[in-house]
Amino acid sequence: MFYNSAKVGFSKQAVINHSLRVLDYHKFYYQGPGLALGDTTFIEVLSAHFAASNQTNATAQAEAMMDYLNALGRPGNFIIMGDLNQSTSNGGPMQEMLAHPNLDIRMRDPLNISGSYTNSNHDYTWSQSTRQNGQDCGAGGGLDDRFDIILFSNSILNNTDDISYVTGSHWVP
């Protein structure tokens, strides 16, 4: 995790154990003028690399992340990001995050895309690979999927805890 330590400070790190892959949790705080008085805002980031070939495993990974957030017992400025290996918003892993019953931790897609991510109408979100095959030490698959995904909690999208998403600031380079 890279961050500007002049703007945010590191508060906590945790590993969310899962049998397939480790999932990471990082908590940061804003180093604003109120910090000396004990006043700050926190942002919590979970990063993951979901199973690509097995949606049951990917769903279990999403469940582990949401269970971790749920156990915190509070709303927060949460971000889930990483190579989530999803081709639709309707699959188990995405539904675990986007339709979670606890509104305090429910994730939202700032691009607000529903349905198939492989639809050419969503090509501006594709991030899988520019190569068709995996030659020359590169990943294959072709640029036809939205695998790198960033999701925000309601707190961020509704600006209820001093951090907000700037509409239009999320794009896939």
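These are my notebook entries on one protein chain, looked up in a predicted model.

**Entry 1: the overall layout**

I started with the whole chain. The protein has 173 residues, and buried residues make up 40% of them. I found three helices and six strands. Read along the sequence, these elements follow the pattern β-β-β-α-β-α-β-β-α.

I then looked up the surface. The accessible surface comes to about 9300 Å². Carbon and sulfur atoms account for 49% of that surface.

Next came the contacts between residues at least 6 apart in sequence. Of these, 56% join residues at least 24 apart.

Then I went through some of the pairs.

- Strand 2 (residues 23–30) runs antiparallel to strand 3, with six bridges between them. Here Tyr-25 has Leu-46 of strand 3 as its bridge partner.
- Strand 4 and strand 6 are antiparallel too, over five bridges. Across this pair, Ile-80 stands opposite Leu-151 in strand 6.
- Strand 5 and strand 6 pair in the antiparallel sense over two bridges. Arg-108 has Phe-152 of strand 6 as its bridge partner.

**Entry 2: Glu-44**

I picked Glu-44, which sits in strand 3 (residues 42–49). Is Glu-44 buried or exposed? Its relative accessible area is 2%. The limit for buried is under 20%, so Glu-44 counts as buried.

Which side chain does the side chain of Glu-44 meet in a polar contact? I found that of Arg-74, at 2.8 Å.

I also listed what Glu-44 touches, leaving aside its neighbours within four places in sequence. Tyr-25, His-26 and Lys-27 are among these contacts. The list also includes Leu-72, Arg-74, Gly-76, Asn-77, Phe-78 and Ile-79.

**Entry 3: aromatic rings**

I counted four aromatic pairs. One of them is Tyr-25 with Tyr-68, a tilted pair with 4.9 Å from centre to centre and 50° between the planes. This pair links distant parts of the chain, since Tyr-25 is in strand 2, Tyr-68 is in helix 1, and they are 43 residues apart. Tyr-25 is buried, with a relative accessible area of 1%.

I looked at Phe-152 and Tyr-165 next. Their ring centres are 5.4 Å apart and their planes are at 35°, so this pair is tilted. Phe-152 lies in strand 6 (residues 148–153), while Tyr-165 lies in the segment after helix 3 (154–157). The pair therefore ties together parts that are 13 residues apart in sequence. Phe-152 counts as buried at 12% relative accessibility, and Tyr-165 counts as buried at 16%.

I also noted one aromatic cluster, formed by Tyr-3, Phe-10 and Phe-28.

**Entry 4: two residues with positive phi**

Asn-85 is not a glycine, yet it has a positive phi of about 50°. I placed Asn-85 in the loop between strand 4 and helix 2 (92–98). It is buried, with a relative accessible area of 8%.

Asp-162 is not a glycine either, and its phi is positive at about 70°. Its place is in the segment after helix 3. Is Asp-162 buried or exposed? With a relative accessible area of 63%, Asp-162 is exposed.

How far apart are the C-alpha atoms of Asp-162 and Ile-43? I read 9.8 Å, although these two residues are 119 residues apart along the chain.

Key
Residues are numbered from 1 along each chain as its sequence is written. This is a predicted model: local features need pLDDT of at least 70, side-chain atom pairs count only at pLDDT 80 or more; totals for chains, interfaces and linings use all residues. Side-chain values use heavy atoms; hydrogens and water are left out. Helices (H or I, at least four residues) and strands (E, at least two) are DSSP runs, numbered from the N terminus. Buried means under 20% relative accessible area, exposed over 50%, partly exposed in between (1.4 Å probe, protein chains only). A polar contact is a pair of N or O atoms within 3.5 Å; within protein, one must be able to donate a hydrogen and the other to accept it, and residues adjacent in sequence count only if both atoms are side-chain atoms. Contact means heavy atoms within 4.5 Å. Two strands pair if DSSP finds at least two bridges between them. Accessible areas come from the Shrake-Rupley method with a 1.4 Å probe; for residues, only the protein chains shown count as cover. Rings of Phe, Tyr and Trp (its six-membered ring) pair if their centres lie within 6.5 Å; planes under 30 degrees apart count as stacked, over 60 as edge-to-face and the rest as tilted.
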